[in-house]
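Have the viewer open as you read.

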Amino acid sequence: MSKKCTFMGNTDATPSAEILNKAQTIVVDLIEKHNVTTFYCDGYGTFNFMMAQYINELKKIYPNIKSIYIATYFNKYTLSNINKTLYDDIIFPELLHTQYTYTALKRNKWIIKNVDYLIAFIQYTFGGTYKSWQYANSKKNLTKYLLQDNTKKDELLNELKKALQNRKLK
């Protein structure tokens, strides 16, 4: 039976080459050893976009895999801004009656419910991506891979410390 995988990453976090290499290695392993043929992508954030590009490249080697764009909003803007060359199909999950600010989180939960594997690059313990990760952790039949770039985390902490010190000086 064919399986599905998705990606999750903070919108503004750019993964290092090491993180991308780890994610790419996991993807190939999932295709070759775990019968993953469908990849759900949402197109938000650098990590998700880079993984969608990678899946598109892998189609040359594994022509049976598919990349599906999972849209948050059903409107002209969304339809006109999806890079359709990267995706085989577009799915609009049932998100009616969802307050605008919670639509992405609800979409993420829909994705998590409908996949077997999750590859996540999470740098912050706050925000929608982290909330989605917490939700994913409650799912027993979901295999999760959490990739973290401690170098970037250390850089962020140092920036925060400097900002706090500058604030104290004023």
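## Strand pairing

Lys3 has Val36 in β2 as its bridge partner. That bridge belongs to the pairing of strand β1 (residues 3-9) with β2, where four bridges join the two strands and they run parallel. Two strands pair here if DSSP finds at least two bridges between them. Helices (H or I, at least four residues) and strands (E, at least two) are DSSP runs, numbered from the N terminus. This is a predicted model, so local features need pLDDT of at least 70 and side-chain atom pairs count only at pLDDT 80 or more, while totals for chains, interfaces and linings use all residues. Residues are numbered from 1 along each chain as its sequence is written, and side-chain values use heavy atoms, with hydrogens and water left out.

On to β3: four bridges join β2 to β3, and this pair runs parallel. Tyr40 has Ile68 of β3 as its bridge partner. Strand β3 (residues 66-70) has four of its five residues buried, so the rest of the structure largely encloses it. Buried means under 20% relative accessible area, exposed over 50%, and partly exposed in between (1.4 Å probe, protein chains only).

## The whole sheet

What's the strand order of the open sheet? Its six strands go β4-β3-β2-β1-β5-β6, with parallel pairing. At the edges sit β4 (89-91) and β6 (143-147), each pairing on one side only. Neighbouring strands are turned by 25° against each other on average, direction ignored. Axes are lines fitted to C-alpha atoms, for helices over the stretch in contact, and angles run from 0 to 180 degrees between N-to-C directions.

## Helices on the sheet

Helix α2 packs on the sheet and touches β1, β2, β3, β5 (117-121) and β6, with its direction at about 145° to that of β1. Helix α4 (residues 103-113) packs on the sheet too, touching β1, β2, β3 and β4, and its direction makes about 150° with that of β3. Contact means heavy atoms within 4.5 Å.

Which residues of α4 are buried? They're Thr103, Arg107, Asn108, Ile111 and Ile112. Their cover includes β1, β2, β3 and α5 (127-137).

## Helix against helix

Take α1 (residues 17-34) and α2 (residues 46-58): they pack at about 45°, axes 11 Å apart. The two are therefore oblique to each other; angles under 35 degrees count as roughly parallel, over 145 as roughly antiparallel, 65 to 115 as roughly perpendicular and the rest as oblique. From α1 come Leu20, Ala23, Gln24, Val27, Val28 and Ile31, and they meet Phe47, Met50, Met51, Tyr54, Ile55 and Leu58 of α2. By class, that contact has 11 nonpolar residues, one polar and no charged. Ala, Val, Leu, Ile, Met, Phe, Trp, Tyr, Cys and Pro count as nonpolar, Asp, Glu, Lys and Arg as charged, and the others, Gly among them, as polar.

Now α4 and α5, which pack at about 30° with axes 10 Å apart, and are therefore roughly parallel to each other. Leu105, Asn108, Lys109, Ile112 and Lys113 of α4 touch Gly128, Lys131, Ser132, Tyr135 and Ala136 of α5. This contact splits into four nonpolar, three polar and three charged residues.

One last stop is Asn35, in the loop between α1 and β2 (36-41). Its phi is near 60°, a positive value in a residue other than glycine. Asn35 counts as partly exposed because its relative accessibility is 35%.
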